[in-house]
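Please work through the exercises below with the structure at hand, trying each task before you read its solution.

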Amino acid sequence: MKLKIVGLGLSAALLVAACGSSSPKATTTGSGGSAKTSTATQLAFNTNGTPNLTGLTFAVGNAAGSAHIGDTNVHNMVSYLQQWGATASQTNASQNAPELAVESGKLDTVSGPLPTEVDSGLNVFGPNQARLDDVILAKNSVTSLADMKGKSVAICCDASPDGVLLAAALKKGGIKESSLSVLRTGASSASLDALIAGKVDVAFVHSNGVPKAGKNFHILAVGATLLPEYADSFMAAQGSWLTAHPAMAEAIDLAWLASSKLFNTDEASWVKGAAAYTSNADSTAQYQAAWTELQSIQGWPTSESAFSAPVVDFNLNIAGQQGALKGQGNRPSASEIDLTPWQQAWQVFNQHQSAY
């Protein structure tokens with residue numbers, strides 16, 4: 001979700017080959033027949049295992065200014081809903097505009113940062129990018145986290161993921177911040193520039209900046225490894241919508257799992273999807289490089305642990321410590337989470353992974 005460009009637009013639709021899964025609760029007809037269509041409260045499945053979403057409409061928001069490679073998985077998720085028969089659209093908008101659109105009923109769901117979602121009164125019901133895309137990049141002469149002692153380090157700012165990751169890195173390296181010279185640059189790109197210019201020895205940067213750094217630098221640690229519970233973003237909706245549309249929420253989580261599996265196992269299809277989503281703005285080689293880079297952050301794990309109450313609580317606690325929660329964001333965490341759609345979707349996916 002950090003790989004964004006500011007602006008406003010509606011994503012192009014991409015149809016990708018997709019299969020669903022049969023559910024223990026699936027409603028089907030006999031062999032060779034068609035399933036009943038799903039409703040907002042009950043998923044129905046075709047005999048080939050795909051959910052029949054004919055007649056359902058999904059309006060998905062994405063907290064991004066415009067179509068960017070880093071959000072290809074959101075695009076593919078929407079495409080799976082389309083393949084399963086739904087009328088599904090993706091609207092990209094910057095800042096907290098998509099969260100407010102969901103809160104006002106103009107959109108059904110949004111993928112975005114947790115603080116802006118819960119501050120808008122929304123409830124999270126699934127993952128989006130389940131890991132941060134930050135890495136610790138260093139001169140080749142800095143060989144370990146412990147070796148940062150006495151070195152100069154660039155971070156964006158304390159009230160950002162960099163501040164949290166710095167604390168985790170110091171703990172793992174067994175050193176104190178007082179032993180470092182910390183430069184707060186205000187932006188990940190500025191930290192990268194400072195490293196390349198030789199102003200610092202180590203920089204906390206977004207993973208897409210690694211190729212720009214070149215051969216004189218290497219990755220000391222990956223944010224996803226240091227703090228695997230620290231998520232970039234989640235899927236959220238109004239609590240009233242989730243109550244009235246539980247099957248649709250489950251279908252979105254199923255589509256997320258299908259999209260994540262495609263990302264983790266099928267580079268060629270993902271590259272094709274990225275090209276279609278971004279209107280071929282980059283070369284095939286650039287899409288392939290983006291896939292490799294995004295693989296390194298472990299951001300879309302097809303595992304049950306990708307979304308849970310402890311994971312959400314962990315991220316809420318960090319947001320609270322940084323003063324990022326306001327108004328409705330300070331509700332009890334239990335009232336900001338709906339685990340049922342994810343749990344049901346995971347049961348389906350886990351029992352029938354070969355169908356995806």
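The model is predicted, so local features need pLDDT of at least 70 and side-chain atom pairs count only at pLDDT 80 or more, while totals for chains, interfaces and linings use all residues. Residues are numbered from 1 along each chain as its sequence is written, and side-chain values use heavy atoms, with hydrogens and water left out.

**Exercise 1.** Compare the span of helix H9 with its expected span, and state how covered H9 is.

Solution. Begin with the extent of H9, a DSSP run of H or I with at least four residues, which covers residues 246–265 and has 20 residues. Then turn to burial (under 20% relative accessible area, with a 1.4 Å probe and protein chains only): 16 of the 20 residues of H9 are buried, so the helix is mostly covered.

**Exercise 2.** Decide whether Ala231 is buried or exposed, and locate its surroundings.

Solution. Ala231 lies in the loop between helix H7 (223–226) and strand E11 (234–237), where a strand is a DSSP run of E with at least two residues. Because its relative accessibility is 10%, Ala231 counts as buried. Leaving out residues up to four places away in sequence, Ala231 has contacts (heavy atoms within 4.5 Å) with Gln129, Ala130, Arg131, Leu132 and Asn315.

**Exercise 3.** Find how far apart the C-alpha atoms of Ala231 and Pro127 are.

Solution. Although 104 residues separate Ala231 and Pro127 along the chain, their C-alpha atoms are 8.3 Å apart.

Definitions and conventions. Expected span 1.5 Å × (residues − 1). Buried < 20%, exposed > 50% of the residue type's maximum accessible area, 1.4 Å probe, protein only.
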